[in-house]
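Subject: A structure for you to explore

Hi there,

Here is the structure I promised to pass on. Have a look at it first, and then read my notes below.

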Amino acid sequence: MPKPPEDDELVVFPSGTDKNSTSKQQGGFVEDKEPTRALEVPDEEAMQKTVLIETPFAQQKRTPAKLSVVAGHDKGKDFQLDKDSLIVGRSLDANIVLSDPSVSRKHFELSFKNGRWVLKDLGSQNGTRVGGTRVEGEIALEDGHFIEAGQTVLAFKLIKEEAKEVADTKTVAEVQVKPSPKIEVVLEEKAKPSKIALWVGLGVLAVIVVGAGTFLALRTTEKTEKAQSQSQETTKPNRAKEMLEEGLQRIKDRRFEEAMQVLSEAYNLEPSEEINKALSHAKQERENERLLKEGEEKLKEKAFEDAVALFQRVRDTSVFFESAQKGLKEAEALAVEANIEKILALAKEKKKQEAKAMFLALVEQRPTDERVLSLRGELEKLGVTFTEQEKMGTATPKVAERREGSQAKGRAQKLDVKIALDLYDAGKFSEAAQALRAQVSGVFKEEQSRAEQMAGKIEQFGHAYKDGRQALDGWALDKAEQNLLQALRLDQEIDGHYHVEIRRLLGNLYRAKSAQNLQNADYAQAARNAKKALNYNPEDALASEILGKCVKAGERLFEEAKRAMQAGNKEDAKKKLGVVLEVLPSDHELRSKALDLMNQIK
């Protein structure tokens, strides 16, 4: 190949193309036998420059895809797979968040590897299935595959990009064209000018010019899109910062619900620790506001112990702390009077041991209160006896000083929870908490925290259990569910005494919910609640009957979906198949057929 002029750029094409050919010089002219040739232009003045193009190989890009929820709590949602690796699960830290409680916090991972999307189960509790087969390790996904995670079914779909037409089928990375290029041509000896050659040359030149123009237009568009993308990436942090400031201002204005909404949107836009802290602060202040209001309500209702417990839960970092402290002092004073009346009533009813336990607990809480200290004499008159040590502890208001002195160290012992648990089992939750707090000063330091935590849990349980039962009796099923689930968790952490009873109540609750769903022809939700009812009470015949009716409805909907498919009504078929997949158990013979039908709807 002849050496190109110094001011020309070298044409380099990928290996294996038909552009890299050998040119040779014969008889004073350049002969190129490949499709790209020097033009024979009948011009005596030789052109000075040759247009030369360099092209690298195209880089492999991530195949666009998305997940569509076709069955489950998030039915109807679409999630774009906009990263090379995404975590799918119930955790807020996941890239794709599902609200299905049967989905693990980090259920499975999607990653783009070697030109394909690959799914990997992350040790989820209920497992992940693709096309009805449980995933062990990794599995490559195909367009239209159905993914089952818990009670959620997602469809994996590839997104087809519009094909771009360019003049040259080869990928061109860059074209460098210098102003007014000219092509140097050495005419063959004895060659005569030809009009045909002239027109052919002009035609080829026109093709080159159009191709170069098209390429430059595509490059300009690509750069513009890249600039817009970079602009959007730059805008995201700025917008998130503005929303953070807006959320903080709403917190100051005590508009916590609005603050939580704004901060949640900011976190989704640009996750950061600062936004997350602000969001947590808004949630905590909303909770503190609720505790204050409920405490004030309990105070009006003369439920002084409940008011005390609510005011004590308001954190000292809250803007409501000062108001809560005022309410706490008032509630404690009124609670002391109420407790004194209870203690005297127990003593008069000959329940001397219970009266004594409540009195000693009250002394520990209010060691300098003259009303409490003078109560011992009245109890002795009613036949309640005290040891000498107990008398010393209640005979003088200086008991608090002894509790803080060196003598307290000598009396330190392990926490005794027996009395508290006996009161707890008897349904006397406030007294049980008092009995625990009464020991705080006399136990080892590490046991003091345990006493406070246990007392707090007992108080919380009492409120949740009471509110849950009342809500269930009033058919406020959602509120009852929330409170009874909290009560069940707390009871398991305390001693499990109410475990059987709460499970029975939850079974009744979910059975009632499933019956309501069935009446409204919401078969998917009815099946979910019936299954929950059977989890809490496997012998519940009514829940089993409701679940059976849901399965029958699912079988009927499957047939209706088939007819809708035959009639070309794919949307109606898709809707019915979503319910079928929710209702039918995993081992039902129609479930795999429903998945196949769903796979045909694209």
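**What I found**

D572 is partly exposed, with a relative accessible area of 26%. Please keep in mind as you read that this is a predicted model.

Let's stay with D572 for a moment. Its side chain forms a salt bridge with K576, and the closest N and O atoms are 2.8 Å apart. Both residues sit in helix α19 (residues 570–583), and because they are four residues apart there, about one helical turn separates them. K576 has a relative accessible area of 17%, so this residue counts as buried. The cut-off that matters here is 20%, since buried means under that value.

Salt bridges can also share partners: E246, R250, D253, R255 and E258 are joined into one network in this way.

D422 is partly exposed, at 42% relative accessibility. K418, at 55%, counts as exposed.

The next stop is the pair E501 and R469, a salt bridge whose closest N and O atoms are 3.1 Å apart. Which parts of the chain does this pair link? E501 belongs to helix α16 (residues 499–519) and R469 to helix α14 (residues 445–473), so the pair links distant parts of the chain, 32 residues apart. E501 is partly exposed at 24% relative accessibility, and R469 is partly exposed as well, with a relative accessible area of 34%.

Now for a change of topic: backbone angles. K302 is not a glycine, yet it has a positive phi of about 65°. You will find K302 in the loop between α3 (273–300) and α4 (304–312). Is K302 buried or exposed? At 65% relative accessibility, K302 counts as exposed.

W475 is another non-glycine residue with a positive phi, in this case about 60°. Look for W475 in the loop between α14 and α15 (477–494). W475 has a relative accessible area of 53%, so this residue is exposed.

Enjoy exploring, and write back with any questions!

Best wishes

Definitions and conventions:
Residues numbered from 1 in each chain as written. Predicted model: local features only at pLDDT ≥ 70, side-chain atom pairs only at ≥ 80, totals over all residues. Heavy atoms only, no water. Buried < 20%, exposed > 50% of the residue type's maximum accessible area, 1.4 Å probe, protein only. Salt bridge = Lys/Arg side-chain N within 4 Å of Asp/Glu carboxyl O. Helix = DSSP H or I, 4+ residues; strand = E, 2+ residues; numbered from the N terminus.
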